[in-house]
Amino acid sequence: MQSFSELEKWVDEVKNLCQPDSIHFVTGDKAEEKSFFEELVRDQKAIQLNPLLRPNSYAFFSDPSDVARVEKRTFIASNKKEDAGPTNNWIEPQKLKKIMTKLYKGSMKGRTMYVIPYVMGPIDAPISKIGIEITDSLYVVVNMIKMTRTGTQVLDKIKNETPFYIGLHSIGAPKKNGVIDSMWPCAKMQKKYIAHFPDEKLIWSYGSGYGGNALLGKKCLALRIASKIAYDEGWMAEHMLILKLTNPDLESKYILGAFPSACGKTNLSMLIPTIPGWKVETIGDDIAWIWMKEDGKLYAINPEKGFFGVAKGTSYRSNPNAMKAIEKNTIFTNVALTDDLDVWWEGIDKEKPKHLKDWQLHNYDISCTYPAAHPNSRFTVEATESPVLANEWEDPNGVLISAILIGGRRPSTIPLVHEALSWKHGVFMGSMMGSEITAATISDQIGMVRRDPFAMLPFIGYHVGDYLQHWIDMGQKANQEFLPKIYYVNWFRKNDDGQFMWPGFGENSRVLKWIFERVDQKASAKLTPIGYVPDRDSIDLSNLDVSEKDIEALTEIDVNLWFDEVKSIRAYYKTIGNKCPIDLVNELNQLEFRLKNY
Ligand code: GTP
Ligand code: SPV
Ligand code: MN
């Protein structure tokens with residue numbers, strides 16, 4: 001859409017279809033946000049946490065059917081089925097619109113319809129994109145306020161003819177007369193639809209109130225729709241953290257990392273190095289928009305304004321910076337509550353209290369054997385609450401990218417770190433990236449390995465083959481001298497007892513240091529069939545509590561396992577079909593050849 005009058009017309013159409021009681025345009029000011037939280041508490045949709053322990057913070061508890069993104073109910077409804085490719089669910093757009101229009105009819109009865117003007121990216125950055133989300137969920141509103149730049153200044157832009165993208169969201173639970181609302185109203189699983197119409201750049205979401213299903217600026221606009229816009233316009237929208245790494249000589253580099261959901265982006269982006277003199281600062285923890293300037297170099301911005309992070313496992317030991325960020329002004333979803341109204345979750349590293357309320361607000365004591373917090377419990381907090389936010393985090397010019405990490409949960413085969421032989425080889429590594437399925441999506445296959453190219457499997461708004469070709473093309477267009485190097489990292493190797501061999505978290509700084517020095521051509525490496533791996537003298541292992549045997553195992557290349565991997569990648573490429581880039585098939589053949597000659 002292009003103009004304010006088009007916006008007014010659309011708001012009117014949605015009002016007539018969904019039949020809310022009233023309409024509220026979100027202004028984004030502090031007093032408004034405060035009144036939203038007061039209303040949520042009054043309506044028993046949220047619990048205010050103990051202000052002495054956790055000031056200005058609130059806890060929400062979802063319906064058990066609504067705890068994560070629902071990939072089975074997520075659709076890329078392109079005009080042509082071929083354009084959605086083999087990895088997306090597809091329904092013919094007119095058919096899907098018919099189904100959803102029926103659902104939207106009267107879906108906001110008894111509720112307020114909120115119109116949220118927001119911008120992904122700093123308001124004046126050339127690459128930023130404006131969105132309008134209509135929603136009937138106040139939970140969504142308060143989360144969008146923390147996660148995106150919202151409010152009147154965005155509407156002003158629209159009045160000045162800046163184009164914008166629209167998204168309609170309803171929890172799909174009209175209020176019935178005389179029936180008291182539940183704490184988290186939403187629709188049944190089979191009625192949930194997270195729909196994208198990439199040809200129109202339109203988003204329709206129905207039936208879920210959770211995270212990526214409902215905060216439409218995040219996964220729906222900034223990844224699925226933006227990835228398609230980026231493909232057409234020659235830039236990239238990626239599921240990546242952005243960090244600033246500074247060495248003891250105070251030289252800095254910017255590093256991106258694509259890890260699947262619940263595989264360590266937030267943690268790496270805020271890490272406290274265990275090696276003296278090094279520093280990590282955060283620019284983004286989930287999404288990066290990447291583009292090439294006239295100098296042929298690649299730059300990135302974080303389009304978000306907050307963190308929607310995994311609570312479970314977060315502690316002052318594993319991620320102190322995240323713990324400090326969430327000391328106040330935070331929204332928690334599906335965590336457990338202590339008797340004095342603070343939050344608790346598995347891995348918080350505080351003794352489990354004798355009594356809790358679990359994430360369903362049931363009484364919970366030591367006799368309970370299930371987890372008290374949901375494994376996908378989350379915190380929402382503004383980036384500015386972080387003690388390690390980099391100064392340039394909202395620089396409209398973006399930051400120059402030195403290296404791109406990819407990785408996931410692979411218990412075997414993939415070493416701790418290896419460097420790509422070239423950009424194309426790096427794209428090959430990204431294409432075959434795999435990970436165990438985690439609790440960040442609703443699935444009956446949690447723990448199984450699936451291929452997840454550049455951690456974008458659930459977020460590519462078009463054909464995966466075209467997506468991979470776009471990665472190759474971006475590298476070919478860039479100034480070769482300044483192409484970021486690509487690294488495959490794996491913090492999740494396990495030994496025969498099923499224990500992680502690498503301590504991870506702050507110790508990952510040792511790998512970051514090696515990468516920093518590789519980019520500067522200062523660290524040495526061993527050439528192997530799969531790429532460059534650190535040799536023993538080049539990676540800093542001083543004062544590290546890992547056995548010789550495990551270090552050996554973490555960097556070894558098991559040729560037989562890699563032959564299995566080649567076979568499995570070949571089978572995977574078949575599923576991509578004839579759009580699988582020929583360059584990647586060549587890379588696979590060359591890998592096999594190198595392995596045979598090793
Ligand atoms: P999304 O927000 O879903 O995209 O997840 P994310 O990629 O930001 O993952 P996050 O940093 O929240 O980490 C998810 C889980 O992985 C948490 O339980 C962490 O404790 C765990 N984790 C993160 N880094 C490491 C690591 O280096 N080693 C190990 N063993 N676990 C880690
Ligand atoms: C992810 O699953 O990658 C998340 C959480 O960051 S959600 O916003 O729900 O997609
Ligand atoms: Mn994510």
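From which domains does the shell around ligand 2 draw at least three residues each? In this predicted model, the shell draws at least three residues from each of domain 1 (4–64 + 74–234) and domain 2 (238–305 + 391–596), the domain bounds coming from an automatic or database domain assignment. The model is predicted, and local features need pLDDT of at least 70, side-chain atom pairs count only at pLDDT 80 or more, and totals for chains, interfaces and linings use all residues. Residues are numbered from 1 along each chain as its sequence is written, chains are lettered from A and ligands numbered from 1 in the order in which they are written, and side-chain values use heavy atoms, with hydrogens and water left out.

The residues around ligand 2 (those with a heavy atom within 4 Å of the ligand) are Arg 69, Gly 211, Gly 212, Lys 218, Lys 219, His 239, Ser 261, Asp 286, Phe 308, Arg 378 and Ala 440. By class, this shell comprises two nonpolar, four polar and five charged residues; Ala, Val, Leu, Ile, Met, Phe, Trp, Tyr, Cys and Pro count as nonpolar, Asp, Glu, Lys and Arg as charged, and the others, Gly among them, as polar. Helices α7 (211–214) and α8 (217–233) each supply at least two residues of the shell, helices being DSSP runs (H or I) of at least four residues and strands (E) of at least two, numbered from the N terminus.

Polar contacts (pairs of N or O atoms within 3.5 Å) are found at several side chains. Polar side-chain atoms of Lys 219 and of Ser 261 each lie 2.6 Å from an oxygen atom of ligand 2. For His 239, an N or O atom of the side chain is 3.2 Å from a ligand oxygen atom. The protein covers 98% of the 290 Å² of accessible area that ligand 2 has on its own, as computed by the Shrake-Rupley method with a 1.4 Å probe.

Aromatic pairs number 22, the rings of Phe, Tyr and Trp (its six-membered ring) being paired if their centres lie within 6.5 Å, with planes under 30 degrees apart counted as stacked, over 60 as edge-to-face and the rest as tilted. Phe 332 and Trp 345 form a tilted pair, 6.0 Å centre to centre with 35° between the planes. Phe 332 belongs to strand β18 (residues 331–333), whereas Trp 345 lies in the loop between β20 (343–344) and β21 (355–357), 13 residues apart. Phe 332 is buried (under 20% relative accessible area; exposed is over 50%, partly exposed in between; 1.4 Å probe, protein chains only) at 0%, and Trp 345 is buried at 0%. The rings of Phe 492 and Phe 500, with centres 5.7 Å apart and planes at 70°, form an edge-to-face pair. Phe 492 is buried at 12% relative accessibility, while Phe 500 is partly exposed at 44%.

Key
A polar contact is a pair of N or O atoms within 3.5 Å; within protein, one must be able to donate a hydrogen and the other to accept it, and residues adjacent in sequence count only if both atoms are side-chain atoms.
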